[in-house]
Amino acid sequence: MTVIGMALLLLAGCGERPSPEVEWYVNNPKELSKALHICHHKPFRLSEQACANAKTAQLKAATIRIEALKARDRKAAEQTPESQRTVAWYKQYKYALRDKLESCREKSEGWGEANQHSCLMAIQAERQLFIEGGTIYYR
C-alpha cells in the first residue's frame, strides 16, 4: 500500500462518527447552531446525514417556538377583553392580531361597539408594524 493510499484510508475513517439525531439537536440548541454553521461554511466536516438532521431540527425547533407563541397569544386574547386591547397590545401579541384581522375582514355587519374599537386598534397596529418594518404574521 502506498503512502497516499494509507492517508486516504485514515482520512476516510475520521468522519465516520454517528450522526446526532434530530431530537438531540432540538434539545441542544448551541450544538445545532454550530452544526448549521459548519454545514453552511464547511460542509465537508460533517456527514450529509448530520447536516440533514440539523436542518430538520432547525425546522422542528422553529415550529415548536411558533406553536408556543400562538398559545401565548391566544391565552392573552382570552384574558383581555376586546375593549381593553390597544395598538401596543396587538403589536405585542401578533398571532392575536392576525386572528383579529381575519375576523374583522370576515364580518361586515352587526358589529358591536367593542368589536369595532378592537378592529380599529388591530388595523392601526397592522399599519404601524408595516411602517416600522415589523413582522406581520399571515397564514
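Predicted model: local features only at pLDDT ≥ 70, side-chain atom pairs only at ≥ 80, totals over all residues.

**Aromatic rings**

- The count of aromatic pairs in the structure comes to three.
- Trp24 and Tyr25 make one of these pairs, with ring centres 5.4 Å apart and planes at 65°, so their arrangement is edge-to-face.
- How exposed is Trp24? Trp24 has 37% relative accessibility and counts as partly exposed.
- Tyr25, in contrast, is buried, with a relative accessible area of 3%. The cut-off for burial is under 20%, so Tyr25 qualifies.
- Trp89 and Tyr90 are also edge-to-face, because their planes stand at 85°, with the ring centres 5.0 Å apart.
- Both Trp89 and Tyr90 are buried.

**Nonpolar cores**

- The largest nonpolar core has 13 residues, and the members that touch the most others are Tyr25, Leu32, Ala35, Leu46, Ala54 and Ala57.
- Three helices each supply at least two residues of this core: α2 (22-27), α3 (29-41) and α4 (48-79).
- Which helix gives the largest share of this core? That is α3, with five residues.
- Tyr25 is worth a click in your viewer: beyond its neighbours within four places in sequence, Tyr25 is in contact with Pro20, Glu31, Leu32, Ala35, Ala50, Asn53, Ala54 and Ala57.
- Another core, of 12 residues, lies apart from the largest one, and its members include Ala76, Val87, Tyr90 and Ala96.

**Helix α6**

- Helix α6 covers residues 94-106, which makes 13 residues.
- From the first C-alpha to the last, α6 reaches 18 Å, close to the 18 Å expected at 1.5 Å a residue.
- Which residues of α6 are buried? They are Tyr95, Ala96, Leu97, Arg98, Lys100, Leu101 and Cys104.

**Disulfides**

- The structure holds two disulfides.
- One of them joins Cys39 and Cys51, whose sulfur atoms are 2.0 Å apart.
- The link of Cys39 and Cys51 is left-handed, with -100° about the S-S bond.
- This pair connects distant parts of the chain, as Cys39 sits in helix α3 and Cys51 in helix α4, 12 residues apart.
- Are Cys39 and Cys51 buried or exposed? Both are buried.
- Cys104 and Cys119 form a disulfide as well, with their sulfur atoms 1.9 Å apart.
- The torsion about the S-S bond of Cys104 and Cys119 is about -95°, so this disulfide is left-handed.
- Cys104 belongs to helix α6 and Cys119 to helix α7 (residues 113-132), so the pair ties together parts that are 15 residues apart in sequence.
- Cys104 and Cys119 are both buried.
- With the bonded cysteines of the chain numbered in sequence order, the pairing reads 1-2, 3-4.

Definitions and conventions:
Residues numbered from 1 in each chain as written. Heavy atoms only, no water. Core = buried A, V, L, I, M, F, W, Y, C linked by side-chain atoms within 4.5 Å. Buried < 20%, exposed > 50% of the residue type's maximum accessible area, 1.4 Å probe, protein only. Helix = DSSP H or I, 4+ residues; strand = E, 2+ residues; numbered from the N terminus. Contact = heavy atoms within 4.5 Å. Phe/Tyr/Trp six-rings, centres within 6.5 Å; stacked < 30°, edge-to-face > 60°. Expected span 1.5 Å × (residues − 1). Disulfide = S-S within 2.5 Å.
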